[in-house]
Amino acid sequence: FISGVSYDECKTTADWLLSNTQVRPIVGIVCGSGLGGLAEMIKDPQIFKYSDIPNFPRSTVHGHAGRLVFGTLKGKPCVCMQGRFHLYEGYPIQKITLPMRVFKLMGVETMIMTNAAGGLNQDYKVGDIMVIKDHINMPGFAGVNPLSGPNDDRFGLRFPCMSDAYDRKLRQLAHDVAAELSFSEFVREGVYCVLGGPSFETIAECRMLHMLGADAVGMSTVHEVIVARHTGMRCFALSLISNRAVMDYDSHEKANHEEVLETGRLRAEQMEKLVSTIVAQLEHNINN
Ligand SMILES: Nc1nc2ncn(CCNC(CO)CO)c2c(=O)[nH]1
(Lines give C-alpha, C1' and ligand atoms only; values in the text may rest on other atoms or scores of the structure.)
Protein backbone atom coordinates (compact mmCIF):
# COMPACT_ATOMS: atom_id res chain seq x y z
CA PHE A 1 0.00 0.00 0.00
CA ILE A 2 0.96 3.70 -0.05
CA SER A 3 4.39 4.33 1.48
CA GLY A 4 4.79 6.77 4.34
CA VAL A 5 1.30 6.47 5.81
CA SER A 6 1.37 3.31 7.96
CA TYR A 7 0.87 3.49 11.71
CA ASP A 8 4.59 2.99 12.26
CA GLU A 9 5.49 5.72 9.77
CA CYS A 10 2.98 8.15 11.37
CA LYS A 11 4.47 7.23 14.75
CA THR A 12 7.99 7.86 13.44
CA THR A 13 6.92 11.31 12.23
CA ALA A 14 5.15 12.14 15.51
CA ASP A 15 8.13 10.95 17.59
CA TRP A 16 10.54 12.92 15.39
CA LEU A 17 8.49 16.10 15.95
CA LEU A 18 8.06 15.48 19.72
CA SER A 19 11.82 15.01 20.05
CA ASN A 20 12.41 18.37 18.34
CA THR A 21 10.00 20.53 20.31
CA GLN A 22 8.94 20.86 23.94
CA VAL A 23 5.43 21.87 22.85
CA ARG A 24 2.77 19.22 23.52
CA PRO A 25 -0.12 20.50 21.32
CA ILE A 26 -3.78 19.89 22.23
CA VAL A 27 -5.17 21.98 19.34
CA GLY A 28 -4.34 21.48 15.65
CA ILE A 29 -5.03 24.26 13.13
CA VAL A 30 -5.00 23.91 9.34
CA CYS A 31 -4.60 27.19 7.41
CA GLY A 32 -6.41 27.35 4.07
CA SER A 33 -5.49 29.30 0.92
CA GLY A 34 -4.42 32.83 1.83
CA LEU A 35 -5.05 32.16 5.53
CA GLY A 36 -1.47 31.35 6.52
CA GLY A 37 -1.50 34.47 8.68
CA LEU A 38 -3.27 32.46 11.37
CA ALA A 39 0.09 30.82 12.11
CA GLU A 40 1.64 34.24 12.77
CA MET A 41 -0.60 34.52 15.87
CA ILE A 42 1.25 31.68 17.58
CA LYS A 43 3.52 32.79 20.46
CA ASP A 44 7.07 31.42 20.82
CA PRO A 45 6.77 29.66 17.45
CA GLN A 46 8.93 26.68 16.58
CA ILE A 47 8.83 26.18 12.83
CA PHE A 48 9.55 23.07 10.77
CA LYS A 49 9.57 23.10 6.98
CA TYR A 50 7.45 20.25 5.59
CA SER A 51 10.51 19.23 3.53
CA ASP A 52 12.43 18.54 6.77
CA ILE A 53 9.73 16.37 8.36
CA PRO A 54 9.98 12.61 7.72
CA ASN A 55 7.10 11.25 5.59
CA PHE A 56 5.52 14.73 5.13
CA PRO A 57 4.54 15.75 1.58
CA ARG A 58 5.62 19.11 0.14
CA SER A 59 3.21 22.03 -0.39
CA THR A 60 3.07 22.98 -4.07
CA VAL A 61 0.27 25.59 -4.12
CA HIS A 62 0.87 29.37 -4.20
CA GLY A 63 -0.52 30.71 -0.90
CA HIS A 64 0.42 27.59 1.03
CA ALA A 65 3.77 28.12 2.82
CA GLY A 66 4.63 24.53 3.70
CA ARG A 67 5.56 24.96 7.37
CA LEU A 68 4.46 23.32 10.62
CA VAL A 69 4.33 25.88 13.44
CA PHE A 70 4.34 24.82 17.11
CA GLY A 71 3.69 27.25 19.96
CA THR A 72 0.96 28.64 22.15
CA LEU A 73 -2.19 30.43 21.07
CA LYS A 74 -4.12 32.19 23.87
CA GLY A 75 -2.25 30.04 26.36
CA LYS A 76 -3.04 26.73 24.67
CA PRO A 77 -0.27 24.58 23.12
CA CYS A 78 -1.00 24.37 19.38
CA VAL A 79 0.37 22.99 16.15
CA CYS A 80 -0.53 24.82 12.94
CA MET A 81 -0.23 23.71 9.31
CA GLN A 82 0.75 26.74 7.24
CA GLY A 83 -0.25 25.15 3.95
CA ARG A 84 -2.15 21.94 3.44
CA PHE A 85 -2.23 19.21 0.80
CA HIS A 86 -4.88 18.66 -1.87
CA LEU A 87 -5.99 15.80 -4.09
CA TYR A 88 -5.36 18.00 -7.13
CA GLU A 89 -1.63 18.16 -6.29
CA GLY A 90 -1.54 14.50 -7.22
CA TYR A 91 -0.80 13.09 -3.78
CA PRO A 92 -2.44 9.81 -2.74
CA ILE A 93 -5.35 10.72 -0.49
CA GLN A 94 -3.77 8.95 2.50
CA LYS A 95 -0.73 11.25 2.13
CA ILE A 96 -2.98 14.35 2.24
CA THR A 97 -4.46 13.25 5.55
CA LEU A 98 -1.26 11.92 7.15
CA PRO A 99 -0.85 15.09 9.32
CA MET A 100 -4.16 14.30 11.06
CA ARG A 101 -2.85 10.93 12.28
CA VAL A 102 0.47 12.49 13.28
CA PHE A 103 -1.38 15.17 15.28
CA LYS A 104 -3.44 12.49 17.00
CA LEU A 105 -0.30 10.57 17.94
CA MET A 106 1.18 13.80 19.37
CA GLY A 107 -1.86 14.20 21.64
CA VAL A 108 -3.96 16.76 19.72
CA GLU A 109 -7.63 16.59 20.84
CA THR A 110 -9.30 19.26 18.68
CA MET A 111 -8.80 20.13 14.99
CA ILE A 112 -9.70 23.57 13.63
CA MET A 113 -9.66 23.64 9.83
CA THR A 114 -9.96 26.70 7.63
CA ASN A 115 -10.32 26.91 3.88
CA ALA A 116 -11.36 29.29 1.13
CA ALA A 117 -14.46 28.25 -0.77
CA GLY A 118 -16.86 29.36 -3.45
CA GLY A 119 -20.27 30.55 -2.29
CA LEU A 120 -23.17 28.56 -3.77
CA ASN A 121 -25.77 29.92 -1.34
CA GLN A 122 -27.04 33.08 -3.03
CA ASP A 123 -27.35 34.92 0.30
CA TYR A 124 -23.59 34.65 0.84
CA LYS A 125 -21.30 37.57 0.08
CA VAL A 126 -17.58 37.51 -0.69
CA GLY A 127 -15.81 37.76 2.67
CA ASP A 128 -18.48 35.88 4.61
CA ILE A 129 -17.20 33.19 6.98
CA MET A 130 -19.21 29.95 6.95
CA VAL A 131 -19.11 27.61 9.94
CA ILE A 132 -19.21 24.16 8.34
CA LYS A 133 -22.06 22.14 9.88
CA ASP A 134 -21.78 19.18 7.50
CA HIS A 135 -20.08 18.11 4.29
CA ILE A 136 -20.83 16.36 0.98
CA ASN A 137 -17.91 14.15 0.00
CA MET A 138 -18.24 14.04 -3.80
CA PRO A 139 -14.96 12.12 -4.37
CA GLY A 140 -16.22 9.64 -1.77
CA PHE A 141 -19.17 8.83 -4.02
CA ALA A 142 -16.60 7.51 -6.51
CA GLY A 143 -14.71 5.55 -3.85
CA VAL A 144 -12.04 8.19 -3.23
CA ASN A 145 -11.93 8.00 0.57
CA PRO A 146 -8.90 8.40 2.84
CA LEU A 147 -9.99 5.39 4.90
CA SER A 148 -10.06 3.01 1.92
CA GLY A 149 -7.70 0.05 2.30
CA PRO A 150 -6.96 -2.02 5.41
CA ASN A 151 -8.22 -0.42 8.64
CA ASP A 152 -5.68 0.01 11.44
CA ASP A 153 -7.68 -0.43 14.64
CA ARG A 154 -5.02 1.53 16.54
CA PHE A 155 -6.43 4.64 14.81
CA GLY A 156 -10.17 3.90 14.76
CA LEU A 157 -13.14 1.83 13.65
CA ARG A 158 -13.53 0.19 10.27
CA PHE A 159 -16.84 1.98 9.70
CA PRO A 160 -16.72 5.35 11.54
CA CYS A 161 -19.85 7.45 12.00
CA MET A 162 -19.82 10.80 10.14
CA SER A 163 -23.20 12.21 11.21
CA ASP A 164 -21.48 14.12 14.03
CA ALA A 165 -18.32 15.13 12.17
CA TYR A 166 -18.53 18.88 12.95
CA ASP A 167 -18.69 19.30 16.70
CA ARG A 168 -22.01 20.85 17.77
CA LYS A 169 -20.59 22.52 20.90
CA LEU A 170 -17.74 24.09 18.95
CA ARG A 171 -20.16 25.38 16.31
CA GLN A 172 -22.28 26.95 19.04
CA LEU A 173 -19.12 28.42 20.61
CA ALA A 174 -18.19 29.91 17.22
CA HIS A 175 -21.54 31.69 16.94
CA ASP A 176 -21.33 32.92 20.55
CA VAL A 177 -17.83 34.27 19.88
CA ALA A 178 -18.97 35.83 16.58
CA ALA A 179 -21.72 37.65 18.52
CA GLU A 180 -19.19 38.80 21.17
CA LEU A 181 -16.97 40.18 18.39
CA SER A 182 -19.92 41.74 16.49
CA PHE A 183 -19.06 39.50 13.51
CA SER A 184 -22.53 37.87 13.31
CA GLU A 185 -23.55 39.77 10.18
CA PHE A 186 -20.92 37.89 8.11
CA VAL A 187 -20.67 34.61 10.02
CA ARG A 188 -22.94 31.92 8.50
CA GLU A 189 -23.41 28.17 8.91
CA GLY A 190 -23.80 25.70 6.05
CA VAL A 191 -22.87 22.60 4.09
CA TYR A 192 -19.45 22.36 2.40
CA CYS A 193 -19.04 20.25 -0.73
CA VAL A 194 -15.58 19.04 -1.75
CA LEU A 195 -14.56 18.41 -5.37
CA GLY A 196 -11.22 17.01 -6.56
CA GLY A 197 -10.15 20.11 -8.54
CA PRO A 198 -7.85 21.67 -9.78
CA SER A 199 -10.31 22.97 -12.34
CA PHE A 200 -13.00 25.15 -10.84
CA GLU A 201 -16.55 23.89 -11.23
CA THR A 202 -18.71 24.47 -14.30
CA ILE A 203 -21.95 26.40 -14.09
CA ALA A 204 -23.94 23.18 -14.40
CA GLU A 205 -21.93 21.68 -11.52
CA CYS A 206 -22.54 24.74 -9.33
CA ARG A 207 -26.27 24.59 -10.01
CA MET A 208 -26.34 20.85 -9.30
CA LEU A 209 -24.39 21.14 -6.04
CA HIS A 210 -26.64 23.99 -4.93
CA MET A 211 -29.72 21.87 -5.67
CA LEU A 212 -28.13 19.05 -3.65
CA GLY A 213 -27.98 21.33 -0.60
CA ALA A 214 -24.40 22.57 -0.69
CA ASP A 215 -23.81 26.15 0.48
CA ALA A 216 -20.09 26.32 -0.41
CA VAL A 217 -17.74 24.39 -2.69
CA GLY A 218 -14.01 23.76 -2.36
CA MET A 219 -11.18 21.30 -2.89
CA SER A 220 -10.00 20.36 0.61
CA THR A 221 -10.86 19.83 4.29
CA VAL A 222 -13.31 16.90 3.99
CA HIS A 223 -10.58 14.27 3.63
CA GLU A 224 -8.78 15.62 6.70
CA VAL A 225 -12.02 15.73 8.72
CA ILE A 226 -12.85 12.10 7.88
CA VAL A 227 -9.43 10.94 9.11
CA ALA A 228 -9.46 13.26 12.15
CA ARG A 229 -12.89 11.95 13.19
CA HIS A 230 -11.74 8.35 12.56
CA THR A 231 -9.05 8.91 15.23
CA GLY A 232 -11.60 10.47 17.62
CA MET A 233 -10.44 14.11 17.48
CA ARG A 234 -13.09 16.83 17.72
CA CYS A 235 -13.43 18.78 14.45
CA PHE A 236 -14.43 22.33 13.70
CA ALA A 237 -14.10 24.02 10.29
CA LEU A 238 -14.56 27.45 8.74
CA SER A 239 -14.84 28.42 5.07
CA LEU A 240 -13.92 31.93 3.96
CA ILE A 241 -16.21 32.66 1.02
CA SER A 242 -13.65 33.95 -1.46
CA ASN A 243 -15.96 34.35 -4.41
CA ARG A 244 -19.48 33.64 -5.50
CA ALA A 245 -19.69 30.49 -7.63
CA VAL A 246 -20.94 31.32 -11.12
CA MET A 247 -24.53 30.09 -11.34
CA ASP A 248 -25.96 31.55 -14.53
CA TYR A 249 -24.86 31.25 -18.15
CA ASP A 250 -25.00 34.93 -19.00
CA SER A 251 -22.56 35.79 -16.18
CA HIS A 252 -19.03 36.69 -17.29
CA GLU A 253 -17.41 36.18 -13.87
CA LYS A 254 -14.45 33.78 -13.83
CA ALA A 255 -13.28 32.07 -10.64
CA ASN A 256 -9.53 32.55 -10.18
CA HIS A 257 -6.94 31.78 -7.50
CA GLU A 258 -5.73 35.38 -7.19
CA GLU A 259 -9.13 36.57 -5.95
CA VAL A 260 -9.14 33.64 -3.51
CA LEU A 261 -5.87 34.87 -2.00
CA GLU A 262 -7.01 38.51 -2.09
CA THR A 263 -10.16 37.75 -0.08
CA GLY A 264 -7.96 35.91 2.42
CA ARG A 265 -5.89 39.06 2.87
CA LEU A 266 -8.99 41.24 3.28
CA ARG A 267 -10.64 39.01 5.87
CA ALA A 268 -7.52 37.61 7.54
CA GLU A 269 -7.76 39.86 10.58
CA GLN A 270 -11.33 38.85 11.44
CA MET A 271 -10.57 35.19 10.69
CA GLU A 272 -7.60 35.31 13.07
CA LYS A 273 -9.65 37.08 15.75
CA LEU A 274 -12.46 34.52 15.44
CA VAL A 275 -10.17 31.46 15.53
CA SER A 276 -7.98 32.75 18.38
CA THR A 277 -10.98 33.68 20.53
CA ILE A 278 -12.51 30.23 19.94
CA VAL A 279 -9.20 28.63 20.95
CA ALA A 280 -9.09 30.81 24.07
CA GLN A 281 -12.52 29.54 25.12
CA LEU A 282 -11.96 25.85 24.26
CA GLU A 283 -12.39 23.48 27.21
CA HIS A 284 -9.35 21.22 27.50
CA ASN A 285 -9.68 17.45 27.31
CA ILE A 286 -13.43 17.17 26.69
CA ASN A 287 -13.90 14.03 24.58
CA ASN A 288 -17.25 13.88 22.88
N1 LIG B 1 -15.89 28.79 -7.12
C2 LIG B 1 -14.91 28.39 -6.29
N3 LIG B 1 -14.32 29.32 -5.51
C4 LIG B 1 -13.36 28.90 -4.66
N5 LIG B 1 -12.61 29.61 -3.80
C6 LIG B 1 -11.79 28.76 -3.16
N7 LIG B 1 -11.99 27.52 -3.59
C8 LIG B 1 -11.34 26.34 -3.08
C9 LIG B 1 -10.25 25.90 -4.04
N10 LIG B 1 -9.03 26.66 -3.77
C11 LIG B 1 -8.01 26.35 -4.76
C12 LIG B 1 -8.04 27.40 -5.87
O13 LIG B 1 -8.10 28.68 -5.30
C14 LIG B 1 -6.66 26.34 -4.05
O15 LIG B 1 -6.64 25.26 -3.15
C16 LIG B 1 -12.97 27.56 -4.56
C17 LIG B 1 -13.59 26.62 -5.38
O18 LIG B 1 -13.26 25.42 -5.36
N19 LIG B 1 -14.57 27.08 -6.23
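This is a predicted model: local features need pLDDT of at least 70, side-chain atom pairs count only at pLDDT 80 or more; totals for chains, interfaces and linings use all residues.
Me: What makes the radius of gyration of the protein agree with a compact globule?
Reply: For 288 residues, the globule rule gives a value near 19 Å, and the protein has 18 Å, so the two agree. The C-alpha atoms fill a box of roughly 55 × 45 × 35 Å along the principal axes. Inside that, 56% of the residues count as buried.

Me: Why is the contact between D15 and K11 called a salt bridge?
Reply: The cut-off is 4 Å between a Lys or Arg side-chain nitrogen and a carboxyl oxygen of Asp or Glu. D15 and K11 come in at 3.0 Å, N to O, so the pair qualifies. Both sit in helix α1 (residues 7–20), 4 residues apart, about one turn of the helix.

Me: And how do you know that D15 and K11 are partly exposed?
Reply: That label covers relative accessible areas between the 20% and 50% cut-offs. D15 has 37% and K11 has 33%, so both land in that range.

Me: What makes R229 and D164 a salt bridge?
Reply: Their side chains meet at 3.5 Å, N to O, which is within 4 Å, so the pair counts. This one links distant parts of the chain: R229 is in helix α7 (residues 222–230), while D164 is in the loop between α4 (138–141) and α5 (168–180), 65 residues apart.

Me: What makes M208, M211 and L212 a nonpolar patch?
Reply: Patch members need over 30% relative accessible area and no salt bridge, and nonpolar side chains are joined within 5 Å. M208, M211 and L212 make such a patch, with about 340 Å² of surface. L212 lies in the loop between α6 (203–211) and β8 (216–218).

Me: Which residues touch the most other members of the largest nonpolar core?
Reply: Of its 49 residues, those are L68, M100, F103, M106, M111 and M113. A second, separate core has 33 residues, including V69 and F183.

Conventions: Residues are numbered from 1 along each chain as its sequence is written. Side-chain values use heavy atoms; hydrogens and water are left out. Patches are made of residues with over 30% relative accessible area and no salt bridge: like charges are joined within 9 Å, nonpolar side chains (Val, Leu, Ile, Met, Phe, Trp, Tyr) within 5 Å. Accessible areas come from the Shrake-Rupley method with a 1.4 Å probe; for residues, only the protein chains shown count as cover. Helices (H or I, at least four residues) and strands (E, at least two) are DSSP runs, numbered from the N terminus. A nonpolar core is a set of buried Ala, Val, Leu, Ile, Met, Phe, Trp, Tyr and Cys residues joined through side-chain atoms within 4.5 Å. Buried means under 20% relative accessible area, exposed over 50%, partly exposed in between (1.4 Å probe, protein chains only). The radius of gyration is taken over C-alpha atoms; the globule rule is 2.2 Å times the number of residues to the power 0.38.
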